[in-house]
Amino acid sequence: MLPTVIENPLLSVKDLRVHFPVRSGVMMRETSAVRAVDGVSLDIKPGETLGLVGESGCGKSTLGKTIVRLIRPTSGKIDFEGINISHLSQWSLRPLRRDIQMIFQDPSESLDPRMSVRSILEEPYIIHKLGNRAERNARVSELLDRVGLPASAADRFPFEFSGGQRQRIGIARALALRPKLIICDEPVSALDVSVQSQILNLLVELQQEFGLSYLFIAHDLSVVKHISDRVAVMYLGKIVEVANAETIYRDPRHAYSKALLSAIPSVDPTVRPKRILLEGDVPSPIDPPAGSAFGHRISHPLYAQTVGADLSLREIAPGHLVANDPCCLSPEDYQLLQDSED
Amino acid sequence: MSESADTILEVDKLITSFETEQGLLRAVDQVSFSVQRGKTLGIVGESGCGKSVTAMSIIRLLPQPAGKILGGHVHFKGTDLVRASDAEMRKIRGGDIGVIFQEPMTALNPLHRIGRQVSEVFRLHQKLSKKDAWDAATEMLKLVRIPAPEQRMMDFPHQLSGGMRQRIVIALALACRPSLVIADEPTTALDVTVQAQILDLMAKLQEEMGMSTILITHDLGVIAETCDEVVVMYAGRVVERASAIELFANPLHAYTKGLLSSIPTLDTPSKSILNTIPGTVASLGDYSHGCRFCQRMGRTAPVSRERPKFTEVSTGHWVETCPECYQP
């Protein structure tokens, strides 16, 4: 089976690796590395939301920050509209910053407390030398209106707002330069449920209005399913499964996706979901297991077979990719992948 | 609300206030509920609704000197905890009432080994010798399913993962075989897979030890899975109380309905517009009159100036009957 090729992706990440050196001893010599992102490939289409889920420490935030180039990748390619941006200098990246923006988890930490909302929102225009003062003021009012804040908010400071309103300011700032792609790193996890739904609705509306693409990183799986077109499941620095949101929640193929999805608490007290309880926690990304990381966690009998083997993503059904890992697939699914190989 | 033989804790018209620069803020405003033997009561609400303050009032761990209990009773096994002496409270906390805090890193002392912290409970409450307390603590770690407990006893908290630390905190809470455990957001800081492990563990231990639990959380999914009875709090007041099955099937207060319909579930159509509750949780300063949820919705109908009555509308289902917010 030939892999379904995504035509003209907006963003295309290929074999991306981000390793942080671990230094120890008196000489602070590099002794090992945290393999936070370890060979990730993914595509995002224009106007699409790709959800990214996984447990804490799996590298999903590092991946997001690397795509906006807040972190320098160790190796691999990040193609944005066909241009590789993985090793551009900060200066050459500048025009690109208009196209890729980021929304952070905690808006009280990502907004400068000493800047008024107006200065926060007009800063992008000043940096990119867009418009004079009157035009900037007009844009600030427009932005505030668009995210549902009164124009009077411009002259107030972040601390005067509630968490949900601060997140609206964060979204307005990200929108200021009319980006094409927004990396949303846990944008609603710090918010109460009633406010969370307001922000999710806003993100959906803005996407339809401006044709935005989102990389939506979150640990709340119901939220991710709600907002995403496709979902990627990440485990210990690697993506283990990608598929259409409906498909992956209905029919996950990878053992880790199955366990993760079965852990979602149901809001119906009469239904007790069948849990796949995992033992232990995510292993450390310092010196990860040589073979299948998840196979190692569940002590799978076929683990030895995966050491040194190619566990990269393969297409199991049209648009449904899963790691070619004998420990984590049913024997039938694994056979299916091997057959399609020939 | 009559006290039956099976009631282990009864909170009656509890009022807790904080002294602040803006004056006295009533964080808990005449809250009443009871916990049955062997059952789990959930308290759910958004941040600032007073759910944690209610729990901390029960065990009298309010920040001092700002926090004060101004009225009401907390009956626990024949003692009114509101009027108990500090010495009595010290005996009850960690003895007959165990507490599980949200953040397992701050609930443990980073400078002491796990073994010392867990065995301390046995030395203080059961006056065991050093060696006996150590053995009892190892037993406790085994009970909360910590692998290789003998080795973990020698570890410091930072050497353990979040899930393992939360197991230690549970071990501390359960050490003296309490009849009531108060768990304040026990799984909020954890990943879903670890949350599933911890909830599963708590349910098993509850069955084994027959204790009652008060579970405080903002996560309706966790409530639906673990609780027998649910109390919904809004701005310091209980707006609705019912069995979990009844509450999720038949919510009657506008706030409960709003909460339930604003969370996306796996069945919600993708990218559909979710229901929202306008505004944010009311500030506690303006507590004097009327229905607080009406204030959030921007309703100031004269009819709702009086505090709505908390009424039992069907067996075991209590709700604040504000003419606007009570929506049968």
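This is a predicted model: local features need pLDDT of at least 70, side-chain atom pairs count only at pLDDT 80 or more; totals for chains, interfaces and linings use all residues.
How many bridges join strand β4 (residues 75-80) of chain A to β5(A)? There are two, and the strands they link run antiparallel.

## A sheet in chain A

Strands β4 and β5 belong to an open sheet of four strands in chain A, arranged in the order β2-β1-β4-β5 with antiparallel pairing. At the edges stand β2 (29-44) and β5 (83-84) of chain A, each of which pairs on one side only. In β5(A), I83(A) is the residue that stands opposite F80(A).

Strands of a sheet pair through backbone hydrogen bonds, and the pairing may be parallel or antiparallel.

## Where the chains meet

The contact between the two chains involves 36 residues of chain A and 38 residues of chain B. On the side of chain A that touches chain B, at least two residues come from each of four helices: α7 (193-210), α8 (221-227), α9 (245-250) and α10 (255-262). The helix that gives the most to this side is α7(A), with eight residues.

By residue class, the side of chain A that touches chain B consists of 18 nonpolar, twelve polar and six charged residues.

## Chain B as a whole

Chain B has twelve helices and twelve strands. Taken along the principal axes, the box filled by the C-alpha atoms of chain B is roughly 65 × 50 × 40 Å.

Of the 328 residues in chain B, 48% count as buried.

## Two domains in chain B

Chain B is divided into domain 1, made up of 7-96 + 176-320, and domain 2, which covers 104-175. The C-alpha centres of these two domains of chain B lie 29 Å apart. Their contact takes 16 residues from domain 1 of chain B and twelve residues from domain 2 of chain B.

Which helix gives the most to the side of domain 1 of chain B that touches domain 2 of chain B? Helix α8 (residues 192-209) of chain B does, with seven residues. The residues on this side of domain 1 of chain B divide into twelve nonpolar, three polar and one charged.

Note on methods:
Residues are numbered from 1 along each chain as its sequence is written. Chains are lettered from A and ligands numbered from 1 in the order in which they are written. Two residues are in contact if their C-beta atoms, placed from the backbone, lie within 7 Å. Ala, Val, Leu, Ile, Met, Phe, Trp, Tyr, Cys and Pro count as nonpolar, Asp, Glu, Lys and Arg as charged, and the others, Gly among them, as polar. Domain bounds come from an automatic or database domain assignment. Two strands pair if DSSP finds at least two bridges between them. A residue is buried if 20 or more other C-beta atoms lie within 10 Å of its own, exposed if 12 or fewer, and partly exposed in between; C-beta atoms are placed from the backbone.
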